[in-house]
Amino acid sequence: MAQTAQNRWQKLVLAAVAAGFTVLAANSFERLQDVEISIAVEIRDNALWDSVQLSSELDRFLLLLERYRGGYAAPVEAQERFDVLWSRANLFRQGEAATWINADADRTATMDRLFEALYASDPLIQTLDPAVTGRADGIVRALEPLRPALASLSAAALIRTRQKQIELRDAHQALRNELMLFSGGIVISAGLLILLLLLEQRRTRVLLRESVQARREADLASRAKSRFLAMMSHEIRTPINGVLGALDLIKRSRDQAELERLLETARVSGEALLRIVNDVLDFSKIEAGQMTLSPEPVGLRPLLASVA
């Protein structure tokens with residue numbers, strides 16, 4: 001009973017440990033998925049992408065102005081490129097990168113300078129005239145100084161993206177290790193639980209086999225005892241009949257010699273009965289492990305005569 005209770009407690013503890021590891025592994029897996037999503041978002045980082053696109057768009061616009069000043073581009077082309085630059089600046093200022101820009105005074109100042117230059121350039125770009133070269137020059141003077149600042153902005157966005165990707169990669173690796181650890185705990189706990197169940201099943205089979213064997217032995221013992229009792233009843237009945245028969249004949253006989261013979265028969269039958277009783281008692285002593293030998297002299301002639 002104590003062994004059964006101990007096994008039950010061991011199974012409960014192992015099941016609880018396995019369940020705990022399962023919960024922890026599920027939590028780690030969920031956090032791992034969140035980190036993987038964050039990594040995917042960082043790969044498509046809008047701050048980096050938008051800053052690079054804005055800087056490139058400014059370069060393309062200034063290059064187009066140079067072509068315009070050389071007579072290789074029409075005013076409408078410069079106006080269209082300026083609209084693209086303006087849209088790109090608005091997207092960068094109002095998109096997901098806005099939080100990153102507003103978190104730093106230098107980045108905010110760079111964007112303020114860009115929009116001031118765009119606002120100042122807007123009337124000039126709308127009234128471009130090949131005959132009036134000063135307007136294009138004014139736009140270049142307003143926007144050209146911003147090229148290094150926008151390049152620095154793109155470099156800062158790149159550094160920020162790299163750092164965040166490294167942090168996310170480290171967090172991802174740590175969560176993978178944690179998940180592997182918890183998974184190992186689940187496997188070990190489940191393995192121990194299965195081993196305990198197999199041992200208990202084996203122990204149950206052994207107990208069942210021993211129970212069947214004990215029942216079979218008890219059955220055999222019961223049958224042997226029944227045969228023994230049947231044999232003993234027959235053995236006891238014979239000397240008793242000899243005693244009772246001799247006594248009955250003694251009551252009827254008047255011959256002295258016949259009486260002595262009948263009494264001897266009764267005595268011999270009584271001694272035979274006593275030996276049988278002693279044999280039964282000896283058998284009981286043998287079963288109890290308390291059998292002792294009592295050497296006694298035996299007359300062979302009387303013994304053989306009694307058997308004959």
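Visitor: How many residues does the chain have, and what share of them counts as buried?

Guide: This is a predicted model. The chain has 308 residues, and 25% of them count as buried. The chain exposes about 20800 Å², of which carbon and sulfur atoms supply 60%.

Visitor: What makes up the secondary structure of the chain?

Guide: Nine helices and zero strands. Read from the N terminus, the order is α-α-α-α-α-α-α-α-α.

Visitor: How do you know what share of the contacts links residues 24 or more positions apart?

Guide: The contacts with a separation of 6 or more are taken as the total, and residues 24 or more positions apart account for 75% of them.

Visitor: Which residues have the most contacts inside the largest nonpolar core?

Guide: That core has 33 residues, and those with the most contacts inside it are Leu54, Phe61, Phe92, Met111, Leu114, Leu118 and Leu143. The elements giving two or more residues to this core are helix H2 (46-69), helix H3 (75-94), helix H4 (98-102), helix H5 (105-126), helix H6 (134-143) and H7. H2 gives the most, with eight residues.

Visitor: How many aromatic pairs does the structure hold, and why is the pair of phenylalanine 61 and phenylalanine 82 called stacked, tilted or edge-to-face?

Guide: There are four aromatic pairs. For phenylalanine 61 and phenylalanine 82, the ring centres are 5.5 Å apart and the planes stand at 55°. Rings pair if their centres lie within 6.5 Å; planes under 30 degrees apart count as stacked, and over 60 as edge-to-face. The angle of 55° falls in the remaining range, so the pair is tilted. The pair links distant parts of the chain, with phenylalanine 61 in helix H2 and phenylalanine 82 in helix H3, 21 residues apart.

Visitor: What makes phenylalanine 82 and tryptophan 86 count as buried or exposed?

Guide: The same cut-off of under 20% applies. Phenylalanine 82 is at 1% relative accessibility, so phenylalanine 82 counts as buried. Tryptophan 86 is at 18%, which is also under the cut-off, so tryptophan 86 counts as buried.

Visitor: Where do phenylalanine 82 and tryptophan 86 lie?

Guide: Both lie in helix H3, four residues apart, about one turn of the helix. Phe61, Phe82 and Trp86 belong, with Phe115 and Tyr119, to one aromatic cluster.

Visitor: How far apart are leucine 192 and alanine 15 in sequence and in space?

Guide: They are 177 residues apart in sequence and 9.6 Å apart in space, C-alpha to C-alpha.

Definitions and conventions: Residues are numbered from 1 along each chain as its sequence is written. This is a predicted model: local features need pLDDT of at least 70, side-chain atom pairs count only at pLDDT 80 or more; totals for chains, interfaces and linings use all residues. Side-chain values use heavy atoms; hydrogens and water are left out. A nonpolar core is a set of buried Ala, Val, Leu, Ile, Met, Phe, Trp, Tyr and Cys residues joined through side-chain atoms within 4.5 Å. Buried means under 20% relative accessible area, exposed over 50%, partly exposed in between (1.4 Å probe, protein chains only). Rings of Phe, Tyr and Trp (its six-membered ring) pair if their centres lie within 6.5 Å; planes under 30 degrees apart count as stacked, over 60 as edge-to-face and the rest as tilted. Contact means heavy atoms within 4.5 Å. Accessible areas come from the Shrake-Rupley method with a 1.4 Å probe; for residues, only the protein chains shown count as cover.
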